[in-house]
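Colleague: I would like to learn how to read a predicted structure, feature by feature. Could you take me through it slowly?

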Amino acid sequence: MKAQKKAFLQMLSMIGKDGMLLMACLLPLVCGVLFRLGIPQAEALLCTYFHKKEVLRPFYGLTDVFYSMLAPAMFCFAAAMVVLEERDEGMASYLWITPLGRKGYLISRLGIPAVLAAVVSGVLLIPFSLQRLQGPPVGVLAVNGGAYGLLYALLIIRFSSNRLEGMAAAKLSSLLMLPSAGAFFIHGGMKYLLWIFPSYWAGLSVSEQQPMLGLVGILCAVIWALLLF
């Protein structure tokens, strides 16, 4: 555990020295402020302009779902970029034969960031949630977000050999957020096509106001992770 902690702190130091990765980690906080202040203002303006009671408000829940996945995605993206750099330079293979070992390396580079990302996601949802989510819904969305972040990192690492390819893979992997919107817009038989995506269940747990549905998304994420490993 001591070696894993040291390796994780070493990764944080590498992220802190990389301007792009550091900004990626700070992005969720910036977006949280913009969402919390900007979207209600936009709702008021649109309601006045279209003479309606609600325009954006029915989709506040979808915004919260997307936001719950943003922090894990950014944190795990930064971790994935470090892994790709270390693999490209041969450092990963070296670290595997140290006391850290392969298992410890994966925990320090993927496991710990995903867990911390889930915690940060939950902490950020409390003040920045547009629906003012509290309690179990926050916890379920946070854990789903952490699981999504882990999958996001695994997909980047699995299908990239360097950081440049990793950037392209990150853009494609971010599409896994989109099925969550299906819970709000797709009804009928088409929705069954989305059951294999963890983010769909996160969206469904909010749209149906049943937090326990998010647990199915966590199970889907575990299956995805096992396949990618």
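Modeller: Let us begin with the lining of the largest pocket, which by class has 10 nonpolar, 2 polar and 4 charged residues. In this sorting, Ala, Val, Leu, Ile, Met, Phe, Trp, Tyr, Cys and Pro count as nonpolar, Asp, Glu, Lys and Arg as charged, and the others, Gly among them, as polar. Please keep in mind that this is a predicted model, in which local features need pLDDT of at least 70 and side-chain atom pairs count only at pLDDT 80 or more, while totals for chains, interfaces and linings use all residues. Residues are numbered from 1 along each chain as its sequence is written, and side-chain values use heavy atoms, with hydrogens and water left out.

Colleague: Which residues lie nearest the centre of the largest pocket?

Modeller: A pocket is an open set of points on a 1 Å grid over the protein atoms alone, where a 1.4 Å probe fits, with protein on both sides within 12 Å along at least five of seven lines, and lining residues have an atom within 4 Å of a point. Here 16 residues line the largest pocket, and R87, W96, R102, L106 and I157 lie nearest its centre. Its space is about 340 Å³, a volume filled by probe spheres set on the points, which are joined across faces, edges and corners.

Colleague: Which helix gives the most to the lining of the largest pocket?

Modeller: Helices are DSSP runs (H or I, at least four residues), numbered from the N terminus. At least two lining residues come from each of α3 (60–89), α4 (91–96), α5 (101–128) and α6 (136–158), and α5 gives the most, with 5 residues.

Colleague: How much space lies in the second largest pocket?

Modeller: The second largest pocket holds about 200 Å³, and of the 13 residues that line it, A147, L150, A221, V222 and A225 are the closest to its centre. Its lining has 12 nonpolar residues, 1 polar and no charged ones, and the most is given by α10 (214–228), with 5 residues.

Colleague: Is P72 buried or exposed?

Modeller: Buried means under 20% relative accessible area, exposed over 50%, and partly exposed in between (1.4 Å probe, protein chains only). P72, which lies in helix α3, has a relative accessible area of 0% and is therefore buried. Contact means heavy atoms within 4.5 Å, and, leaving aside neighbours within four places in sequence, P72 is in contact with A117, S121, G145, G146 and G149. T63, also found in helix α3, is buried with 17%, and beyond residues up to four places away in sequence it touches F35, I39 and L130.

Colleague: How many aromatic pairs does the structure hold?

Modeller: Rings of Phe, Tyr and Trp (its six-membered ring) pair if their centres lie within 6.5 Å, and planes under 30 degrees apart count as stacked, over 60 as edge-to-face and the rest as tilted. The structure holds 8 such pairs. One of them joins F59 and F185, whose ring centres are 5.3 Å apart with planes at 25°, so the pair is stacked. This pair links distant parts of the chain, since F59 sits in the loop between α2 (19–50) and α3 while F185 is in helix α8 (residues 179–185), 126 residues apart. W195 and W201 form a tilted pair, with 5.6 Å centre to centre and 50° between the planes; W195 is partly exposed at 39%, whereas W201 is buried at 9%. Ring pairs also link F35, Y67 and F128 into a cluster.
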